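Biologist: Hi, I have just opened this one and have not looked at it before. Could you walk me through it?

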Amino acid sequence: PLPVVAVVGRPNVGKSTLVNRIIGRREAVVEDVPGVTRDRVTYEASWRGRSFTLVDTGGWDPQATGMALRIAEQAQIAVELADVILFVVDATVGVTDADEAVAQVLRRSGKPVVLAANKVDDQRMELEASALWSLGIGEPMPVSALHGRSSGDLLDAVLDAL
Ligand code: GDP
Ligand code: MG
């Protein structure tokens with residue numbers, strides 16, 4: 001079986017956009033309205049000749065009560081099935097309660113986590129990304145899933161963690 005990379009994070013941070021960037025196709029559903037992605041859609045991906053299964057997570061209603069708890073539950077499920085977690089945070093928003101809830105689950109899991117500071121569309125935003133050190137996950141890697149900025153560096157980090 002291929003190694004599994006699970007993409008986790010609260011709604012609207014750009015998980016599905018990043019999945020599309022990695023697989024090189026537009027199959028994951030990207031929505032301006034959060035919460036559209038079906039639960040745990042899997043894709044086969046490869047980078048530098050190494051193949052892996054990529055899991056796009058989501059599919060809960062962000063307006064529902066106890067959203068942070070539900071997201072943490074989703075993160076827990078993803079952690080159990082994954083070899084490496086790709087944790088996506090929106091650097092333009094900064095750290096939210098839901099991001100903290102996910103980070104706590106990931107830290108406790110002991111699994112390798114790569115932290116993507118997404119929506120860093122230009123160099124000016126890179127300073128913002130450094131705020132994500134506070135999640136206690138490690139170095140935030142500034143990327144733009146939309147424009148592909150630094151997505152190769154991110155994938156290198158994912159492969160290193162596999
Ligand atoms: P998900 O809910 O985490 O799967 O997020 P989506 O991939 O559906 O993206 C949510 C919104 O953020 C969409 O409007 C995307 O176009 C936008 N988005 C995703 N990545 C980026 C990025 O790198 N830069 C900018 N500016 N917008 C992005
Ligand atoms: Mg999605």
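Biologist: How many bridges join strand 2 to strand 3, and do they run parallel or antiparallel?

Modeller: Before I answer, please keep in mind that this is a predicted model. Strand 2, which covers residues 41-47, is joined to strand 3 by seven bridges, and the two run antiparallel. Within that pairing, Ala 45 stands opposite Phe 52 of strand 3.

Biologist: What do strand 2 and strand 3 form, and how many residues are between them?

Modeller: They form a hairpin with two residues between them, and Arg 48, in the turn, has a positive phi of about 50°. Arg 48 is not a glycine, and in general most residues other than glycine have a negative phi.

Biologist: Is Arg 48 buried or exposed?

Modeller: Arg 48 is exposed, because 8 other C-beta atoms lie within 10 Å, and 12 or fewer counts as exposed.

Biologist: Which strands does strand 1 pair with?

Modeller: Strand 1, residues 4-8, runs parallel to strand 3, residues 50-56, and four bridges join them, with Val 4 standing opposite Thr 53. Strand 1 also pairs in the parallel sense with strand 4, residues 84-90, over four bridges, and there Val 5 stands opposite Val 84.

Biologist: Is helix 1 mostly covered or mostly open?

Modeller: Helix 1 is mostly covered, with eight of its nine residues buried. Among the buried residues are Lys 15, Ser 16, Asn 20 and Arg 21. The cover over the buried residues of helix 1 includes helix 5 as well as strand 1, strand 2, strand 3, strand 4 and strand 5. After helix 1 comes Gly 24, whose phi is positive, near 75°.

Biologist: And what sits in the loop between strand 1 and helix 1?

Modeller: Asn 12 is one residue found in that loop, and it has a positive phi of about 80° although it is not a glycine. Asn 12 is partly exposed, because 17 other C-beta atoms lie within 10 Å, and that count falls between the limits of 12 for exposed and 20 for buried.

Biologist: Switching to the ligand, which residues come nearest to ligand 1?

Modeller: Of the 20 residues around ligand 1, Gly 14, Lys 15, Ser 16, Thr 17 and Leu 146 come nearest. Helix 1, residues 15-23, gives the largest share of that shell, with three residues. By class, the shell has nine polar, six nonpolar and five charged residues.

Biologist: How many residues has the largest nonpolar core, and which have the most contacts inside it?

Modeller: The largest nonpolar core has 42 residues, and those with the most contacts inside it are Leu 86, Phe 87, Leu 115, Ala 116 and Ala 117. Each of several elements supplies at least two residues of this core, including strand 1, helix 1, helix 3 at 97-109 and helix 5 at 151-161. Leaving out residues up to four places away in sequence, Leu 115 touches residues including Phe 87, Val 89, Leu 132 and Ile 137.

Notes
Residues are numbered from 1 along each chain as its sequence is written. Chains are lettered from A and ligands numbered from 1 in the order in which they are written. This is a predicted model: local features need pLDDT of at least 70, side-chain atom pairs count only at pLDDT 80 or more; totals for chains, interfaces and linings use all residues. A residue is near a molecule or strand if its C-beta atom, placed from the backbone, lies within 6 Å of it. Ala, Val, Leu, Ile, Met, Phe, Trp, Tyr, Cys and Pro count as nonpolar, Asp, Glu, Lys and Arg as charged, and the others, Gly among them, as polar. Two strands pair if DSSP finds at least two bridges between them. A nonpolar core is a set of buried Ala, Val, Leu, Ile, Met, Phe, Trp, Tyr and Cys residues joined through C-beta atoms within 7 Å. Two residues are in contact if their C-beta atoms, placed from the backbone, lie within 7 Å.
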